[in-house]
Amino acid sequence: MSELSKSQRIKSLTITNKFATDIFSLNTPSEIWQYLAQNIVEKLGFDDAVIYTLDEGGQTLSRMSGFEKITSANGDNSRNTQIRDTSSNTIVIPFNQGVIGKVAATKKAVLVKDIRKFDSFIVDDATTLSELAVPILFQDQLLGVIDSESAKVNFYTKYHLRTLTALASITAMKISQILKVDGLEDIIENLEYSNKIQDALFEIAELIFKTESIDEFYQHLHQCIGRLTLAKNFFVALLKDEGRRIDFPYAIDEYDPDLAFSSIKIDPELLSITGYTLAKEQPFLLYEQDIQKMLDENKIYIRGTIPKAWLGVPFGHGVNKGIVVVQSYSTDFLFQEKDKKLLSFVAKHINNAIERMEAKQKLQFLALHDPLTHLPNRSLFKDRIQHAFLHCQNNRHENIAILFIDVDRFKDINDNYGHHVGDKLLVAIVNSIIKTLRSTDTLARLGGDEFAILLDGKIDHETICRITEDIISAMAAAFNIDGLNISSTVSIGIATYSAASESAEKLLIDADHAMYQAKLKGRNQYVFFEALEEQNKSSNIKLEYDFDHAIKNQEFIGSYQPLIDFDSGDVIGAEVLVRWQHPKLGLLFPDVFIPTLERSGQIVQLDLYMLRLAVSNLKSWTDWLPNVFKLNVNVSTSGFSSPICIRYLQEQHQQCPDIIERLCVEITEESLIINVGIVKNHLDILKSINIPVALDDFGTGFSSLSYLHQFSLDYLKIDKSFVDDLNEISNKVLILDAVVNLAKTLKIKTTAEGIETAEQYQKLKEIGCDLGQGYHIARPMFDTDFKDFLLKSLSSV
């Protein structure tokens, strides 16, 4: 059979995605079997669909559910089609009998084009001429078979087979999930004290989701155990430091409320009652006289008052070993053997719950903190500056300041000494910076060698300068890393709140821009963004008047951000980002001048300038560029609709086709919906001269998936906002996975923008993105630095 067409692939994907979403809300196998059969007839246009499920013996199948299409004639010669439930029809089919039995025995799908040529066909309908049967498998375990018959020869196609196989796979996973849950419930209900234990287990399991902190988790756990054993006194102890000490993360003692349940060291010669129980690795129910006898024999020691009854149950193994203990100081309530059995059973689940809660706490911490320095990450820092910004707007705080910090020449340190030394240096720098800060300040790692500080509370210009200068001074002495004395400096950009501040995000961007100015001024210093703004108050008004002069004097320069191939890890291209080296205003970033040029209509001239710069660079870089390399150039909506840029590319293709084919044009989603006819024509022209086109910032604009097959696109650049959310539990992660897979189906390569962490890099690689760019790989560099970077990357291969 031939491969599926694009429309068939999209249609199949649509049907399976809708089916997967719908069965999520179904709770019983019978509901799922019914919906599956009906869905097949309705969505695929089959005459019928029957679901056979595996019998208990494992050698026969029984008809579970089915639907068929009934067509009848009306009086006006029109025809009426209805879907009829045929689930009540019963039939049992042994393995290897007929098409269905063969599929069950071999666990492989069978597509019969002409049933008359299939020797072992079971005749139950003389009108049947073709048949399709697909096994329902979960981890190679047969659950059943989907069967459909048609009165037409050659009715079933590869499209039907692939779609039906996908539906079978989704159904198998859902059914298996339900069966596992049902099996667990059956086991619990048959245990001694089943009702009581079941309630406790569910409650303990829910604690993981209901509680926000480990302390709150232990408090609710105590309440749960108290309802099981009526224990007012309760503690959990965990073995730590390879069994050399016992920690008490939670303890309540009504008789000795002042007893310090602190960490205690284990003395093998004289164990506490808790240590003794842990050492024996078995539960103990001890009464007052039992404890006193053990004390007299110096088997144990006990802190505080001797209880009337003490019940301790160890749980876990190895480094995860712990114990749950309940105590009673009253003869009115003494624990019994049934309490021991009950707590022994529940302790296993307490162990699981504690491990999961600790894992949850760790995941929550990692989601909001940098794993290397344990500092807040970009996501948490943005949340904190947002709160501080709102407090300023509500007059609850007078001022805030953001310090954007970048370690100077950090890449050279990584290249010269290795990433392990670089990581240790970052930790040492963090420790030095922390010493200069106040308790109200927040230091965060934004990614790579970039950090930021939120100065909150009572601050003024003098305080900001003092703290910033202290940070720079802290870098003066060399850091001793693994016996190496490594000197390092930082460049710092500062932005402060004012009544004119637009947002917390804008403050961070302003601080970032100021940091770049500090680097341009020679590094190892700090710059206030507000000081830059004083110089630039009238800059936007003057920019359009300065533009023609800037073009003539070549004031626009390129900053190059590498693109890497996830499969090979090689640098296979770069995106050229425009910067304006203004003679009076200094280095200007695109967000300063692009809006002005778009309003004035001068943006097309800038597009043409950058295309010429890219072609010129490609010509002069030929000697050292790798064979596989493309230079991406951003073209505005107006520029892509204009014939000027397209005509230039056509002319260059005639003169130097080998050079021009190293270009890739990046456009925005807005470009696709304005002047659609012109845009399609220009896309076709670029394709004819072998210049690929990338759709930039996908996900921030109109984000219509229809673009992916309506236009001739080669690359899809996924916006940074999706990459940021890879550190969180977010629907964007699911959307990203779906977009990447759909793009692969349509033979469009995907590029992930804004990769800032190793975790994001690895996740995007696992999802299947083709290309990536971002600060984790390399930040934008001017041409000389970019050449050095590329040559170093090539020499390391």
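## How helices α18 and α20 cross

In this predicted model, helices α18 and α20 cross in a right-handed way. Helix α18 covers residues 603-620 and helix α20 covers residues 643-655. Their axes come within 9 Å and cross at roughly 20°. Angles under 35 degrees count as roughly parallel, and α18 and α20 are therefore roughly parallel to each other.

## A look at Gln652

Is Gln652 buried or exposed? Its relative accessible area is 8%, and under 20% counts as buried, so Gln652 is buried.

Leaving aside residues up to four places away in sequence, Gln652 touches Val615, Lys619, Pro657 and Ile660.

## Aromatic pairs

Now for the rings. How many aromatic pairs does the structure hold? There are 21 aromatic pairs. One of them joins Phe234 and Tyr250, with ring centres 5.9 Å apart and planes at 55°, so this pair is tilted. Phe234 sits in strand β8 (residues 233-240) and Tyr250 in strand β9 (residues 245-252), so the pair ties together parts that are 16 residues apart in sequence. Both of these residues, Phe234 and Tyr250, are buried.

Another pair is made by Phe566 and Tyr761. The centres of these two rings, Phe566 and Tyr761, are 5.0 Å apart and their planes stand at 55°, so this pair is tilted. Phe566 is found in the loop between β23 (556-565) and β24 (571-582), while Tyr761 is in helix α27 (residues 758-767), so the pair ties together parts that are 195 residues apart in sequence. Phe566 and Tyr761 are buried.

## A cluster, and charges over rings

Rings can also be found in a group here: Phe547, Phe556, Trp580, Phe593 and Tyr609 form one aromatic cluster.

Where does Lys174 lie? Lys174 is over the face of Phe24, at 5.6 Å from the ring centre. Arg779 lies over the face of Tyr775, at 4.5 Å from the ring centre.

Technical notes:
Residues numbered from 1 in each chain as written. Predicted model: local features only at pLDDT ≥ 70, side-chain atom pairs only at ≥ 80, totals over all residues. Heavy atoms only, no water. Phe/Tyr/Trp six-rings, centres within 6.5 Å; stacked < 30°, edge-to-face > 60°. Helix = DSSP H or I, 4+ residues; strand = E, 2+ residues; numbered from the N terminus. Buried < 20%, exposed > 50% of the residue type's maximum accessible area, 1.4 Å probe, protein only. Lys NZ or Arg CZ within 6 Å of the ring centre and 35° of its normal. Axes fitted to C-alpha atoms, helices over the stretch in contact; angles between N-to-C directions. Parallel < 35°, antiparallel > 145°, perpendicular 65-115°, else oblique. Left-handed = near helix turned anticlockwise from the far one by under 90°. Contact = heavy atoms within 4.5 Å.
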